[in-house]
Amino acid sequence: MANFKCRVVSAREELYAGDIHVLVAMGVDGELGILAGHTPLITLLKPGTMHLKAADGKEEIIYIQGGVLEVQPHGVTVLADSAERAHDLDEARILEARRQAEQMLANQNSNVQTNVALLALAESLAQLRTIEKLRNRANIN
């Protein structure tokens, strides 16, 4: 399988740079699978899990809070609003954020609070799904 260059960066750090042969991410219109020779495109990313399969066969799982994915003939660049490697996610912190978001929804008194709570809830659920995917991968290996 052909390889291509990939770079994943957030405002804080570069999370990945190297050769890969597949990238799977959640675009605003659905899940995207990128292989070498993919048609050039730019799309927005939704919060969710991004999978990278490196040229050496290793898999990297990264949680992306959102951002932009650009596919060019020479490679792929992901500019993430915020991103963390799946193994760095703090499950206890995420569960607490989820609890707080659910509490905000129960005690809402404005549309703004509702939107903030729904956004926080969606983010915590996406992070928990990322942790679950990391665990499932560990159980397979």
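Visitor: In which strand does threonine 49 lie?
Guide: This is a predicted model, and the chain in it has two helices and nine strands. Among those elements, the one that holds threonine 49 is strand β5.

Visitor: Does threonine 49 count as buried or exposed?
Guide: A residue is called buried when its relative accessible area is under 20%. The relative accessibility of threonine 49 is 11%, which lies under that cut-off, so threonine 49 counts as buried.

Visitor: Which side chain does a polar contact of 2.6 Å join to that of threonine 49?
Guide: Leaving aside neighbours within four places in sequence, threonine 49 is in contact with residues including Val24, Ile62, Ala126, Arg129 and Lys133. The polar contact of 2.6 Å runs from the side chain of threonine 49 to that of threonine 130.

Visitor: What is the relative accessible area of glutamine 127?
Guide: Glutamine 127 lies in helix α2, which covers residues 111-140. Not counting residues up to four places away in sequence, glutamine 127 touches Tyr63, Leu89, Arg93 and Ile94. Glutamine 127 is buried, and its relative accessible area is 5%.

Visitor: Which residue caps the N-terminal end of α1?
Guide: At that end of the helix, a side-chain oxygen lies 3.2 Å from the backbone nitrogen of alanine 92. The oxygen belongs to the capping residue, which is aspartate 90.

Visitor: How far apart are the end C-alpha atoms of helix α1?
Guide: Helix α1 runs over residues 91-106 and has 16 residues, so that at 1.5 Å a residue a span of 22 Å should result.

Visitor: What percentage of the residues of the protein chain count as buried?
Guide: The accessible surface of the chain comes to about 8200 Å², of which 51% belongs to carbon and sulfur atoms. Of the 141 residues of the chain, the share that counts as buried is 35%.

Conventions: Residues numbered from 1 in each chain as written. Predicted model: local features only at pLDDT ≥ 70, side-chain atom pairs only at ≥ 80, totals over all residues. Heavy atoms only, no water. Helix = DSSP H or I, 4+ residues; strand = E, 2+ residues; numbered from the N terminus. Buried < 20%, exposed > 50% of the residue type's maximum accessible area, 1.4 Å probe, protein only. Contact = heavy atoms within 4.5 Å. Expected span 1.5 Å × (residues − 1). Polar contact = N/O pair within 3.5 Å; in protein donor to acceptor, adjacent residues only side chain to side chain. Areas by Shrake-Rupley, 256 points an atom, 1.4 Å probe, with all protein chains shown as cover.
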